[in-house]
Amino acid sequence: MTETSARSKWETRPLTAEDQEFLWEMLYVALWDAPDEKRRPRTVLDNSVIRRLVEDWGRPDDFGLVAVDPANGRRVGAIWSRLDRYDQLDDFGCPYPCLGIGVEEAFQGTGVGSCLMQAFIAALKDRIEGLRLGVHPMNHVAQSLYRKYEFVEYAVGHGGYPQMRLPFR
Ligand SMILES: CC(C)(COP(=O)(O)OP(=O)(O)OC[C@H]1O[C@@H](n2cnc3c(N)ncnc32)[C@H](O)[C@@H]1OP(=O)(O)O)[C@@H](O)C(=O)NCCC(=O)NCCS
């Protein structure tokens with residue numbers, strides 16, 4: 001899928017161990033809660049199941065991208081996956097690595113997520129069999145982004161969370 005020129009203002013670069021603090025921030029953003037729910041506390045990041053999603057980033061099978069504003073170098077979002085499935089999330093029968101994505105609140109809706117997703121898929125499509133994720137049932141923006149990049153729902157997880165996958169072959 002091709003991005004429009006209006007969305008090409010963002011650049012991407014690899015997500016490295018030096019981005020660890022930013023990655024924790026983006027993981028907290030990605031742990032989305034609905035407007036009528038209490039925002040979960042940041043201490044959720046201390047939970048061992050959650051920590052394994054991004055801790056010690058930069059292992060050989062970690063792959064991620066950071067979106068940067070080329071005007072000032074500011075990091076505005078990230079997308080990531082542990083390709084060896086170190087995170088060990090319940091995959092509901094789909095063996096693909098799970099992805100996470102988050103965009104700084106001030107930059108949501110400005111094409112950052114699309115830029116990240118497009119570059120991420122292009123980088124991984126010849127390297128792995130596919131990607132998967134689980135998404136909050138009320139997170140319609142994220143679900144719309146995933147459908148735009150041809151993820152399809154294949155199962156419903158705990159709490160009614162749609163599970164979506166994108167096979168590469
Ligand atoms: C979900 C998220 C990553 C999307 O990134 P983004 O930069 O905001 O999204 P984009 O501006 O690239 O828009 C991508 C698509 O999302 C949908 N979208 C974006 N903003 C939307 C809005 N306000 N209302 C409805 N749909 C919207 C559209 O389908 C859009 O594609 P289009 O512009 O071609 O129609 C980002 O909003 C985010 O970090 N949200 C909070 C964390 C989160 O939900 N993470 C995912 C958890 S599973």
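How do the residues of the shell around the ligand divide into nonpolar, polar and charged? The first legend gives the division.

**View 1. The shell around the ligand.** The structure shown is a predicted model, in which local features need pLDDT of at least 70, side-chain atom pairs count only at pLDDT 80 or more, and totals for chains, interfaces and linings use all residues. Residues are numbered from 1 along each chain as its sequence is written. The shell consists of eleven nonpolar residues, nine polar and one charged. Here Ala, Val, Leu, Ile, Met, Phe, Trp, Tyr, Cys and Pro count as nonpolar, Asp, Glu, Lys and Arg as charged, and the others, Gly among them, as polar. In total 21 residues surround the ligand, the closest being Val103, Gln108, Gly113, Ser114 and Ser144; a residue is near a molecule if its C-beta atom, placed from the backbone, lies within 6 Å of it. At least two shell residues come from each of α1, β4, α3 and α4 (140–148). Of these, α4 gives the most, five residues. Helices (H or I, at least four residues) and strands (E, at least two) are DSSP runs, numbered from the N terminus.

**View 2. The largest nonpolar core.** A nonpolar core is a set of buried Ala, Val, Leu, Ile, Met, Phe, Trp, Tyr and Cys residues joined through C-beta atoms within 7 Å. A residue is buried if 20 or more other C-beta atoms lie within 10 Å of its own, exposed if 12 or fewer, and partly exposed in between, with C-beta atoms placed from the backbone. The largest core has 31 residues, and Leu23, Ala67, Ala78, Ile79 and Leu116 touch the most other members. Two or more core residues come from each of α1 (20–30), β2 (62–68), β3 (75–82), β4 (99–103), α3 (112–124) and β5 (130–134). The largest share, five residues, is that of α3. Setting aside residues up to four places away in sequence, Ile79 touches Gly64, Leu65, Leu99, Ile101, Leu116, Met117 and Phe120; contact requires C-beta atoms, placed from the backbone, within 7 Å.

**View 3. The four-stranded sheet.** Strands of a sheet pair through backbone hydrogen bonds, either parallel or antiparallel. In this open sheet the order is β1-β2-β3-β4, and the pairing is antiparallel; two strands pair if DSSP finds at least two bridges between them. Because β1 (11–14) and β4 stand at the edges with a single partner strand each, one side of each has no neighbour in the sheet. Between β2 and β3 there are seven bridges, and Val66 has Ala78 of β3 as its bridge partner.

**View 4. The strands β5, β6 and β7.** Five bridges join β5 to the antiparallel strand β7 (residues 162–167), where Leu131 has Leu166 as its bridge partner. Strand β6 (residues 152–156) is also antiparallel to β7, with four bridges. In this pair, Ala155 stands opposite Gln163. The hairpin of β6 and β7 has five residues between the strands, and Gly159 takes a positive phi near 70 degrees.

**View 5. The loop between β3 and β4.** Most residues other than glycine have a negative phi. Arg85, in this loop, has a positive phi of about 60 degrees although it is not a glycine. Phe92 lies in the loop between β3 and β4, and its phi, near 50 degrees, is positive too. Arg85 counts as partly exposed because 14 other C-beta atoms lie within 10 Å. Phe92 is partly exposed, with 15 other C-beta atoms within 10 Å.

Definitions and conventions
Two residues are in contact if their C-beta atoms, placed from the backbone, lie within 7 Å.
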